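Have the structure open as you read, and look up each residue as it comes along.

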Amino acid sequence: MARTPTIILHLLVTLIVCILSSARTSSSSASSSDVDGFLSCLSADIPPSLIYTPANNNFSSVLVSSVRNLRYYVTPDTTMSRPLVIVAATEPAHVQTTVVCGRRHSVHIRTRSGGHDYEGLSYASVDPHRHFAVLDLAALRAIHVDASRAEAWVGSGATLGELYYAAAAANSTFGFPAGNCPTVGVGGHLSGGGFGALSRKYGLSADNVLDAVVVDAEGRLLNRSTMGKDLFWAIRGGGGESFGVVVSWKVRLVPVTETVTVFSIRRLRNESAVDLITKWQAIAPALPRDLYLRVLVQNQQANFVALFLGRCGSLVDTMRGHFPDLGMTEPDCQEMSWVKSTVFFNYGRADLPAEVLLNRSSNPYYYLKVKSDHVQEAMPGHAWESIWSNWFEKPEAALLMLDPYGGRMGSISPSATPFPHRNYLYQLQFYSVWYENGTAALEKRMSWVRGVYEDLTPYVSKNPRAVYVNYRDLDLGTNELEEGGNVTSYAKARVWGEKYFKANFKRLAAVKSKVDPHDFFRNEQSIPPLPAAAK
Ligand code: FDA
């Protein structure tokens, strides 16, 4: 791994955010005869060239093909579990066969679309006793745009960048509300919610899903009308991995202006950064819906980054009216097409062609740990000052991202989809990226992230701490089996589950009981079936 001076790496992280129980667990052990049976069952319907076992020369390269986080870079020498088999499906029938064979031979499945899970759950497990196959959907990534209806069918294996590019290629005034990182997979993103620069205007990705094709635990291929309301509700924010395999999604493309405006304004801590962030907390969620203004805090500065659906002149007026203290003026503006703004949000520059959105290549080169939270009442200036002096002066300090809600986000009922966190001012992420190998670096970075999370307790969401499931965090808790049973414990899962889903957790568990009562689709934080006693 190249050794780049720390300061440059920190800057890179700021600009290129993306390119960047010990208790009894619900482990499942597949015997070698189960695995042999599974393989022979698969081979009846799936070409051998799409089935990889560790004996295959290409196994490792297929395994790492979408791995982002070196913490979960599993090799035969690590204590983590890696898959027994990888099935690289190229058609929905392969997904059906894999599910049917998995159930028949007791081999659990982890579905992987873009591989961006913060805790690697789509392809690895820190529990060395877990045995599973990976169903890789990267090849199921066709995108069909129906421009006359402003809708698209998109395969789960497509990336957000591919979707943005295809939407804009069909019509430059089509956009889609989803995350700021173009290599994130549609499958995991939409099934977990999907927040991004258009969410204040149009809600989450999941709020814009019109239909979906799912393979359920029986291996049936279902669409919106055949899967029923409950399952359709659950897969739009409840995390797809617990309920089936979502093969493709029909989404609503949303209108964006022909020209949008972005800016990125840096303010140093010893200038006005603390005062500006303190004010930003109330201002940003109340801005007009056409304006998204996030803050990235790192080292000794705060970077205010905006997307505005309109021209520069109108943005300057809006900023003067709502946030004069930032001092935004016309020279700060960069006008461009919406699709180019998605490039800007990832790469921090506007001179790259939109085709970079089609780059799927993944070469894991950094370690990642993220914790996240939500804020309901603006934190006082002295709290920001003390966070900065206690935490952000340390060499291992991470990037802090503040993303405003309000607008459409706040006008959707918390029970309309499994994502319940609609009424907060903003979400925050402690996003630690590092490049050094070894336990010392790992412990230092992890304890920074955990320490600042603890320190913020008085100021952030409470009862429970509210966490967005797409920002997966295994510190919140992991699943265990029911005493003497072979399904995940509901009582234990509530510990982490209500942080992600609040009251929707129970409804998700009820859906799980209906569609996967035997708990075939499971991982460390999958939704458990709701026990009869809890109904
Ligand atoms: P991956 O393939 O790892 O799947 C994630 C989970 O979903 C796994 O449990 C997996 O089994 C399950 N799953 C995947 N495909 C499925 C399918 N087809 N059917 C059923 N289950 C399926 N989020 C956000 O809201 N806004 C943002 O701006 C960003 N930015 C961002 C940047 C970077 C660098 C990373 C690493 C992550 C983000 N995220 C994000 C978080 C991202 O939305 C989240 O990790 C998604 O689950 C990733 O989806 P993938 O398909 O890539 O992941």
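Predicted model: local features only at pLDDT ≥ 70, side-chain atom pairs only at ≥ 80, totals over all residues.

## Two disulfides

A disulfide here is a pair of cysteine sulfur atoms within 2.5 Å.

Start with Cys41 and Cys101, which are joined with an S to S distance of 2.1 Å. The angle about their S-S bond is -75 degrees, and the link is left-handed. Cys41 belongs to helix H2 (residues 32-43) and Cys101 to helix H4 (residues 92-104), so this pair ties together parts that are 60 residues apart in sequence. Both of these cysteines are buried. The other disulfide is formed by Cys312 and Cys333, again with sulfur atoms 2.1 Å apart. This link is right-handed, with 80 degrees about the S-S bond. Cys312 is in helix H11 (residues 312-322), while Cys333 is in the loop between H11 and strand S15 (334-336); the two are 21 residues apart. Cys312 and Cys333 are buried.

## Rings that meet

Now for the aromatic side chains. A pair of aromatic rings is described by the distance of the centres and the angle of the planes. Searching the whole structure turns up 23 aromatic pairs. Take Tyr118 and Tyr431: their ring centres are 6.1 Å apart and their planes stand at 80 degrees, so this pair is edge-to-face. Tyr118 sits in the loop between strand S3 (108-112) and strand S4 (132-136), and Tyr431 sits in strand S18 (residues 426-434), so the pair ties together parts 313 residues apart in sequence. Both tyrosines are buried.

Phe344 and Phe345 make another edge-to-face pair, with 5.8 Å from centre to centre and 85 degrees between the planes. These two phenylalanines are buried as well. Which residues form one aromatic cluster? The members are Tyr118, Phe195, Tyr292, Phe344, Phe345, Tyr405, Phe419, Tyr431, Tyr468 and Tyr471, so both pairs described above belong to the cluster.

## Charges over rings

Rings can have charged neighbours too, and here are two cases to look up. Arg465 lies over the face of Tyr453, 4.0 Å from the ring centre. Over at Trp233, the charged end of Arg507 sits over the ring, at 3.8 Å from its centre.

## Around the ligand

Next, the ligand. Which residues come nearest to it? Of the 34 residues around the ligand, the nearest are Thr111, Ser113, Ser122, His189 and Tyr468. Tyr468 also turns up in the aromatic cluster. S3, helix H6 (186-192) and strand S10 (245-252) each supply at least two residues of the shell around the ligand. The largest share comes from H6, with three residues.

Ser156 brings in its side chain: one of its polar atoms lies 3.3 Å from a nitrogen atom of the ligand. How much of the ligand does the protein bury? Taken alone the ligand exposes 960 Å², and the protein buries 97% of that.

Glu524 is in the segment after helix H16 (504-515). Is it buried or exposed? Its relative accessibility is 4%, and since buried means under 20%, Glu524 counts as buried. The side chain of Glu524 makes a polar contact with the side chain of Ser125, at 2.5 Å.

Asp475 is in the loop between helix H14 (439-455) and helix H15 (490-501). With a relative accessible area of 32%, Asp475 is partly exposed. Asp475 and Phe38 are 437 residues apart along the chain, and their C-alpha atoms are separated by 33 Å.

Gly348 is in the loop between helix H12 (338-347) and strand S16 (367-375). Gly348 is partly exposed, at 31% relative accessibility.

Key. Residues numbered from 1 in each chain as written. Heavy atoms only, no water. Phe/Tyr/Trp six-rings, centres within 6.5 Å; stacked < 30°, edge-to-face > 60°. Helix = DSSP H or I, 4+ residues; strand = E, 2+ residues; numbered from the N terminus. Buried < 20%, exposed > 50% of the residue type's maximum accessible area, 1.4 Å probe, protein only. Lys NZ or Arg CZ within 6 Å of the ring centre and 35° of its normal. Near = heavy atom within 4 Å. Polar contact = N/O pair within 3.5 Å; in protein donor to acceptor, adjacent residues only side chain to side chain. Areas by Shrake-Rupley, 256 points an atom, 1.4 Å probe, with all protein chains shown as cover.
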